[in-house]
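My notes follow the order in which I checked them.

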Amino acid sequence: MAAALPPILDPIPAAAPSTWSEDSGTEERLRDKHGRAITDLRLSVTDHCNYKCVYCRTGNEGAQYSELPIEEYARMVRLFVSLGVDKIRLTGGEPLLRRGLLDLILEIAKMRPAFSRSADPAALDIALTTNGHLLAGMAKDLKRAGLNRVTVSMDAVDAETFSRITRVPGSFERVRDGIRAAQDAGLGPVKVNAVLLRSFNDHEIEAFAEFSRKEGVIVRFIEWMPLEEDRTWTPEAVVRMDEIVARLNAVRPLVALPATHASETARRFTFEDGLGEIGIIAPVSHPFCGHCSRVRVTSDGKVRTCLFSQSDHDLVGPMRQGASDDELRARIRKIVDRKEARHHIGEPGFLKPSRSMVHIGG
Ligand code: SAM
């Protein structure tokens, strides 16, 4: 039985309605058999990464899956957009390592007017998740190509701890400079994602709150999930939402913020003085599968309906065999229809997914 939530966490406040509408020129919106609307595509453009974060990768060069030509990713995005998907997140591996990334963003940005008659750029949200190592040199070009915003993964605000996590010396300064460059380029508000590991970086919770207040970023703590290449995950290593809330509250009282949209995964907070924003994403202690709106495409062109899927579904194969857009849309509908109801982390008989996070696209 989960411990009772402190009142600040309950209930999730109401969300703003979606921008998608029946007259937006798209087909009927994608929906699974559980009635969830699928509006959010995460596309992995490579599964190479220049970091070897201890909670994600083994530290050895493991097997890589293949990457597709940029045009094939663009066609896939177009198909999903025509099915009502209005949020595209480019990820990896490390997406900034992918040659042709700017061309892909330019292509996706061109889909905006087709998607929305109002040609409102916000109607097709293009976001990117990055470790930030190469961001300082790319932020302006990313913005110019049409990217709306970035999420940067940064698991410590202490340089030494961060290098121990990434296994790359000097990574903290690079990433912090990348965050600042993204803000200057207009890719904000920048979200900073931090996975907390017990006895590794959990002493930094309060320092992250200060970082949010000082740097003007949204810090989001993510509970560690069993998606690593190694078999190192244990429930005891997960730093859970209730503990994070209690620790932050002890320093400065938190104030709950409303969800920004119906499929919001983070519980959002600010502090009494309104300075700083903290999100907590708690897939382990407070799963949100019931309002999951996501579907993923891996760098080798497979559709995954859940991070914890036991298999994935080929999309690039039929594309290369000459399937029409209508046939591919029908295939996507069929795959999405069978999206898993929920994950089973922590339950007896839990099976690790068929791929680890770096090979899925987080
Ligand atoms: N390289 C990019 C980055 O670092 O953001 C994109 C890929 S990375 C796999 C995407 C996100 O997944 C990162 O925020 C990372 O911290 C998170 N992640 C990786 N493994 C995870 C795990 N086992 N549990 C929770 N989050 C994880």
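The entries below begin with the conventions and then go through the structure.

**Conventions.** I am working from a predicted model, in which local features need pLDDT of at least 70, side-chain atom pairs count only at pLDDT 80 or more, and totals for chains, interfaces and linings use all residues. Residues are numbered from 1 along each chain as its sequence is written, and side-chain values use heavy atoms, with hydrogens and water left out.

**Ligand shell.** The shell has 18 residues, and the closest are Y55, G93, E94, S153 and M225. I then sorted the shell by class and got 7 nonpolar, 9 polar and 2 charged residues. In this scheme Ala, Val, Leu, Ile, Met, Phe, Trp, Tyr, Cys and Pro count as nonpolar, Asp, Glu, Lys and Arg as charged, and the others, Gly among them, as polar. I noted that β3 (125–130) and β5 (191–196) each supply at least two residues of the shell. Strands here are DSSP runs of E with at least two residues, helices are runs of H or I with at least four, and both are numbered from the N terminus.

An oxygen atom of the ligand lies 2.7 Å from a polar side-chain atom of Y55. A side-chain N or O atom of E94 is 3.0 Å from a ligand nitrogen. M225 uses a polar backbone atom, 2.8 Å from a nitrogen atom of the ligand. The ligand on its own has 540 Å² of accessible area, and the protein covers 94% of this; the areas come from the Shrake-Rupley method with a 1.4 Å probe.

**Strand β3.** I checked how covered β3 is, and 6 of its 6 residues are buried. Buried means under 20% relative accessible area, exposed over 50%, and partly exposed in between (1.4 Å probe, protein chains only). D125, A127 and T129 lie on one side and I126, L128 and T130 on the other, all of them buried. For pairing I required at least two DSSP bridges between two strands. β3 pairs in the parallel sense with β2 (residues 87–91) over 4 bridges, where I88 stands opposite I126. β3 also pairs in the parallel sense with β4 (residues 149–153) over 4 bridges, and T129 has T151 as its bridge partner there.

**Cysteines.** How many disulfides does the structure hold? I found 0, using sulfur pairs within 2.5 Å as the criterion. C49 has its closest cysteine sulfur in C53, and the 6.4 Å between them is too far for a bond. C289 is in no disulfide either, with the sulfur of C306 nearest at 6.4 Å.

**Arginines.** Is R268 buried or exposed? R268 counts as buried, at 17% relative accessibility, and is found in strand β8 (residues 266–271). Its side chain reaches the backbone oxygen of P258 at 2.3 Å and makes a polar contact of 3.0 Å with the side chain of E277. R176, in helix α5 (residues 171–184), is partly exposed at 22%. A polar contact of 3.2 Å joins its side chain to that of D177.

Note on methods. Near = heavy atom within 4 Å. Polar contact = N/O pair within 3.5 Å; in protein donor to acceptor, adjacent residues only side chain to side chain.
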